[in-house]
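Biologist: I would like to learn how to read a structure of this kind. Please take me through the features one by one.

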Amino acid sequence: MSSQVQPGAHVTVWVDVRDKIASPPAGPVDALVSSVLLGLGSASVLAGAAFGTASLARRRLDRRRMAQWDAEWRLVGPRWSRRAG
């Protein structure tokens with residue numbers, strides 16, 4: 001359904017860089033909502049990456065610590081448990 005425009009009336013038309021008809025630019029509310037959502041999304045991705053990196057580092061450190069614990073326990077364990085090795 002197209003609206004009727006009187007001959008000689010001024011009409012605002014938005015075009016893109018290729019001179020094709022485009023939708024009008026976002027208003028202030030649309031820009032604010034888009035900015036807030038983009039910021040929250042970026043913060044979530046950054047927090048997820050930081051949490052994942054910290055979790056991976058903790059897991060690797062725990063493995064190394066447990067391997068060291070096992071090696072030391074093999075040395076002192078028999079004396080503490082009164083078993084001869």
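The dialogue below goes from the overall form to single residues.

Biologist: What should I know before I start?

Modeller: This is a predicted model, in which local features need pLDDT of at least 70, side-chain atom pairs count only at pLDDT 80 or more, and totals for chains, interfaces and linings use all residues. Residues are numbered from 1 along each chain as its sequence is written, and side-chain values use heavy atoms, with hydrogens and water left out.

Biologist: How many helices and strands are there in the protein?

Modeller: Helices (H or I, at least four residues) and strands (E, at least two) are DSSP runs, numbered from the N terminus. Here the protein has one helix and zero strands. Helix H1 covers residues 28-80.

Biologist: What span is expected for H1, and what does the helix reach?

Modeller: The expected span of a helix is 1.5 Å times one less than its number of residues. H1, with 53 residues, reaches 73 Å from its first C-alpha to its last, close to the expected 78 Å.

Biologist: Where in H1 is there a kink?

Modeller: A bend at a residue is the angle between two fitted axes, one for the seven residues ending there and one for the seven starting there. In H1 the kink is about 45° and lies at Arg74, shortly before the proline Pro78.

Biologist: What share of the residues is buried?

Modeller: Buried means under 20% relative accessible area, exposed over 50%, and partly exposed in between (1.4 Å probe, protein chains only). Buried residues are 2% of the 85 in the protein. Accessible areas come from the Shrake-Rupley method with a 1.4 Å probe, and for residues only the protein chains shown count as cover. The accessible surface of the protein is about 8400 Å², with 62% of that belonging to carbon and sulfur atoms.

Biologist: Which residues form the nonpolar patch on the surface?

Modeller: Patches are made of residues with over 30% relative accessible area and no salt bridge; like charges are joined within 9 Å, and nonpolar side chains (Val, Leu, Ile, Met, Phe, Trp, Tyr) within 5 Å. Here the members are Val29, Leu32, Val33, Val36, Leu37 and Leu40, together giving about 580 Å² of accessible area. Leu40 counts as exposed because its relative accessible area is 53%.

Biologist: How many salt bridges does a search of the whole structure find?

Modeller: A salt bridge is a side-chain nitrogen of Lys or Arg within 4 Å of a carboxyl oxygen of Asp or Glu. The search finds two. One joins Arg18 and Asp16 at 4.0 Å, N to O; Arg18 is exposed at 63%, while Asp16 is partly exposed at 27%. Another joins Asp62 and Arg65, with the closest N and O atoms 3.1 Å apart. Both of these residues lie in H1, three residues apart, about one turn of the helix.

Biologist: Which residue has a positive phi although it is not a glycine?

Modeller: Asp19, with a phi of about 60°. Asp19 is in the segment before H1 and is exposed, at 63% relative accessibility.
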